[in-house]
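Me: I would like to learn how to read the packing of a protein model, one feature at a time. Could you walk me through this one?

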Amino acid sequence: MSQFSSDITIVLSTSPMPSHPSTAFIDEVVDSIYKFLFRYEKAKIIITCDGTSKRNDSYEMFILGLEEKYKNNKDIAIIKKPEFGHLTGNLRFAIEHVDTEFVFLVQHDLSFLRYVDIAKVL
């Protein structure tokens, strides 16, 4: 394992999906980040919720569920884009909240399945 010493923020992008208001997909991705990407290191995670073009109650309940679930985790921030931006717009919005040298983009339905030596990636 390589030595990890860089500033990095994980940006986890999410948007409405049929499983909402369940947070199961996000929970699985966050768990996989801790298990396979940052086992020993600390990293800030920004969960960025894309806006919607029309009211979506199950998505709003999903966001409230995320805020409640992660409210005591100082390493995870939940932000919500005020309008629909798709993945690229959501990423642009999230970048405004990043204060580290590096960003690692993760999507809400893609979990890590094995260890990644992030120091080698950087």
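**Reading the packing around H1**

Reply: Gladly! The buried residues of H1 pack against strand S1 (8–14), strand S2 (44–49), helix H2 (57–70), strand S3 (76–80), strand S4 (102–107) and helix H4 (118–121). Contact means heavy atoms within 4.5 Å. Helices (H or I, at least four residues) and strands (E, at least two) are DSSP runs, numbered from the N terminus. This is a predicted model, where local features need pLDDT of at least 70, side-chain atom pairs count only at pLDDT 80 or more, and totals for chains, interfaces and linings use all residues. Residues are numbered from 1 along each chain as its sequence is written, and side-chain values use heavy atoms, with hydrogens and water left out.

Me: Which residues of H1 are buried?

Reply: Start with the cut-offs: buried means under 20% relative accessible area, exposed over 50%, and partly exposed in between (1.4 Å probe, protein chains only). In H1, the buried residues are Ile26, Asp27, Val29, Val30, Ser32, Ile33, Phe36 and Leu37. The helix itself covers residues 24–37, which makes 14 residues. From first C-alpha to last, H1 reaches 19 Å, close to the 20 Å expected at 1.5 Å a residue. That expected span is 1.5 Å times one less than the number of residues.

Me: Which members of the largest nonpolar core touch the most other members?

Reply: A nonpolar core is a set of buried Ala, Val, Leu, Ile, Met, Phe, Trp, Tyr and Cys residues joined through side-chain atoms within 4.5 Å. Here the largest one has 25 residues, and Ile10, Ile33 and Ile47 touch the most other members. S1, H1, S2, H2, S3 and S4 each supply at least two residues of this core, and H1 gives the most, with 6 residues. Take Ile33 as an example: leaving aside neighbours within four places in sequence, Ile33 is in contact with Ile10, Leu12, Phe38, Ile45, Val106 and Phe112. There is also a second, separate core of 6 residues, including Ile46, Ile79, Ala94 and Val98.

Me: Now a polar example, please. Which side chains does Lys69 join through polar contacts?

Reply: A polar contact is a pair of N or O atoms within 3.5 Å; within protein, one must be able to donate a hydrogen and the other to accept it, and residues adjacent in sequence count only if both atoms are side-chain atoms. Lys69, in helix H2, has a side-chain polar contact of 3.1 Å with Thr23 and another of 2.8 Å with Asp27. Lys69 is partly exposed, with a relative accessible area of 44%. Asp27 sits in helix H1 and is buried at 15%, while Thr23 is in the loop between S1 and H1 and counts as buried at 10%. Lys69 and Asp27 are 42 residues apart in sequence and 9.4 Å apart in space, C-alpha to C-alpha. Not counting residues up to four places away in sequence, Thr23 also touches Phe62, Gly65 and Leu66, and Asp27 also touches Tyr70.

Me: How many aromatic pairs are there in the whole structure?

Reply: Rings of Phe, Tyr and Trp (its six-membered ring) pair if their centres lie within 6.5 Å; planes under 30 degrees apart count as stacked, over 60 as edge-to-face and the rest as tilted. A search of the whole structure finds 2 aromatic pairs. The rings of Tyr59 and Phe62 have centres 5.9 Å apart and planes at 15°, so that pair is stacked. Tyr59 and Phe62 both lie in helix H2, 3 residues apart, about one turn of the helix, and both are buried. The rings of Phe104 and Phe112 have centres 5.9 Å apart and planes at 45°, so that pair is tilted. Phe104 is buried at 19%, as is Phe112 at 16%.
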